[in-house]
Amino acid sequence: MDLAANDLPNDPDALRAMIATMRHERMQIEAEVAELNAINARIEERNARLASIIKMLTRGRFGQKSEKLKLAGVTGEQLDFVFDELETGLAEGKAPLDKFSGKKKPAASRARKGLAAHLERVEVVLEPEEPPGCEGLEKVLIGEDVSERLDVTRAKFRVIVTRRPKYAWRGRDGVFQAPAQAHLIEGGIPTEGLLAQVAVSKYADGLPLYRQQAIYARDQVELDRSLMAQWMGRIGFELEPLADAILDHIKQGERVFADETTLPTLAPGSGKVKIAWLWAYARDDRPFGGSGPPMVAYRFEDSRAGDCVARHLGGYRGILQVDGYAAYNRLAKPDRPNDVVQLAGCWAHVRRKFFELHANESSKLATQTIQAMVPLWQIEDEIRGKAPEHRSAVRRERSGAIVQDLFALWQRELPRLSGKTKLAEAMRYALSRRAVLERFLNDGRIEIDSNIVERLIRPQAITRKNALFAGSDGGGRTWATIATLLTTAKINGVDPHAWLQLTLERLAAGWPNRELEQLMPWNYPAQR
């Protein structure tokens, strides 16, 4: 507070009060400065910690240019969550500064993507108060500022009350009444909309039944988890023909991806937890210019034996793109009924083995390999969606030399290494699969990696943390069936809840098996 001498009061009491006020204001300012300094110190310390974590985890984000880190006690799925928590931590640290500044957050410098046009708009008009002296004057609108914020209304239950009046006509015998609507759960309480809600929450969003039971109880709706589990079993039974049809569609493709992951299951009789397997088969012709819809089929098995994949892909004739698991090799043997299956390898699996050594800075040769591989994926980005002939021509011209140089490097350096090292293991892995790894150079239908199916099996691997099966007959087959259809809906840009509700309604009404093709998720827009 700057005051001239003439502004000071002459009264001693007033002067003392002014001095006390100024002292109090100064103490408040000093306290705020001290608090801001403390906040800054905490933020700087936090930012330093977060920066080191981000630097470490940048390598861990999935994608073509990075690989997941393997940290003790941390799963790959948990690494995906870390970046969300980092954003939360950064916002928490910045909040005190925003609060102290008392200023509105400036508008973002980049244009924000508009909210979806189909969403309901609720108009709120804020009229200004009439300024003094303007009473009786005409108010003229010269413009307005418009902003949009995203809101949500909590989902709520409702009860569908269906009345079927009974009528009799004078002078005519009989009672006339409209037939009852068909429902999937006859004599039960759920509509097909509720069945779809429970199924999508469990099999697409990873929300187990016991959590759904607690959520619904907040609306004073008592849905026992065992009852919902019975509903899911019925849905799985009804949808099984559709899931089988999707696998048949996949086996009609020129190129199919395959992968597998573990699921926890109880061993019969012993009560011990053992490992079961979820097999995934995917078809996506879009990378080589195909116009067919993408699709994926899951199969739950208590075993990882090669007989499983041979049974799943019985009768398939075409390219099978896989990782290095030996069970797939059986399909390409001449003595197998699938003797025309041609295996294609996955360069991402090769890269992963070298990347771990490169990330740890433990091998210059691994770093040299990783750097040499970078152009391969850059070329793939340029030719994605092109015709197979064009893709193979570009690969032979530009990728072929890179691939040959890599194999020459590994063949030259492997004899100089100890056979027990990780680097030698990575080289042997690549060299032993040279034929299937080079196949993509001459066939434009083949991808450089099997990331398409890995991306489709990853959500199931995440939701397995909320599951414990009792073998294929103890929920595993139902899981695979429903997940097949919901995931196929999602990758076709179809709302899985909307598709499932309509499909269940149609099945309940007796949809004919000869017209199952119309119920496929990729045909959903035509159904409405």
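Asn442 is located in the loop that connects helix 11 (434-438) with helix 12 (451-463); helices (H or I, at least four residues) and strands (E, at least two) are DSSP runs numbered from the N terminus. The structure is a predicted model, in which local features need pLDDT of at least 70 and side-chain atom pairs count only at pLDDT 80 or more, whereas totals for chains, interfaces and linings use all residues. Residues are numbered from 1 along each chain as its sequence is written, and side-chain values use heavy atoms, with hydrogens and water left out.

Asn442 counts as exposed because its relative accessibility is 55%; exposed denotes over 50% relative accessible area, buried under 20%, and partly exposed the range in between (1.4 Å probe, protein chains only). When residues up to four places away in sequence are not counted, Asn442 touches Ser392 and Arg396, a contact being defined by heavy atoms within 4.5 Å. The C-alpha atoms of Asn442 and Val394 are 9.7 Å apart in space, with a separation of 48 residues in sequence.

The chain contains 15 helices and 7 strands. Of its 528 residues, 38% are buried. Among contacts in the chain between residues at least 6 apart in sequence, 66% join residues at least 24 apart.

Strand 4 (residues 273-283) has 8 of its 11 residues buried and is therefore largely enclosed by the rest of the structure. Strand 4 pairs with strand 5 (residues 295-301) in the antiparallel sense over 7 bridges, where pairing requires at least two DSSP bridges between two strands. Within this arrangement, Leu278 stands opposite Phe300 of strand 5, and Trp279 stands opposite Arg299 of strand 5. Strand 5 is mostly covered, with 7 of its 7 residues buried. In a regular strand, side chains alternate between the two faces of the sheet. In strand 5, Met295, Ala297, Arg299 and Glu301 point one way and Val296, Tyr298 and Phe300 the other way, all of them buried.

Two helix pairs were examined. The axes of helix 3 (residues 192-203) and helix 14 (residues 496-508) come within 8 Å and cross at roughly 135°; axes are lines fitted to C-alpha atoms, for helices over the stretch in contact, and angles run from 0 to 180 degrees between N-to-C directions. Helix 3 is therefore oblique to helix 14, since angles under 35 degrees count as roughly parallel, over 145 as roughly antiparallel, 65 to 115 as roughly perpendicular and the rest as oblique. Their contact involves Glu192, Gly193, Leu195, Ala196, Gln197, Ala199 and Val200 of helix 3, together with Pro496, His497, Leu500, Gln501, Leu504, Glu505 and Ala508 of helix 14. By class, the residues of this contact comprise 8 nonpolar, 4 polar and 2 charged; Ala, Val, Leu, Ile, Met, Phe, Trp, Tyr, Cys and Pro count as nonpolar, Asp, Glu, Lys and Arg as charged, and the others, Gly among them, as polar.

Helix 4 (residues 209-217) packs against helix 5 (residues 225-251) at an angle of about 120°, with the axes 9 Å apart. Helix 4 and helix 5 are therefore oblique to each other. The contact is formed by Leu209, Tyr210, Gln212, Gln213 and Tyr216 of helix 4 and by Arg225, Met228 and Ala229 of helix 5. The contact of helix 4 with helix 5 comprises 5 nonpolar, 2 polar and 1 charged residues.
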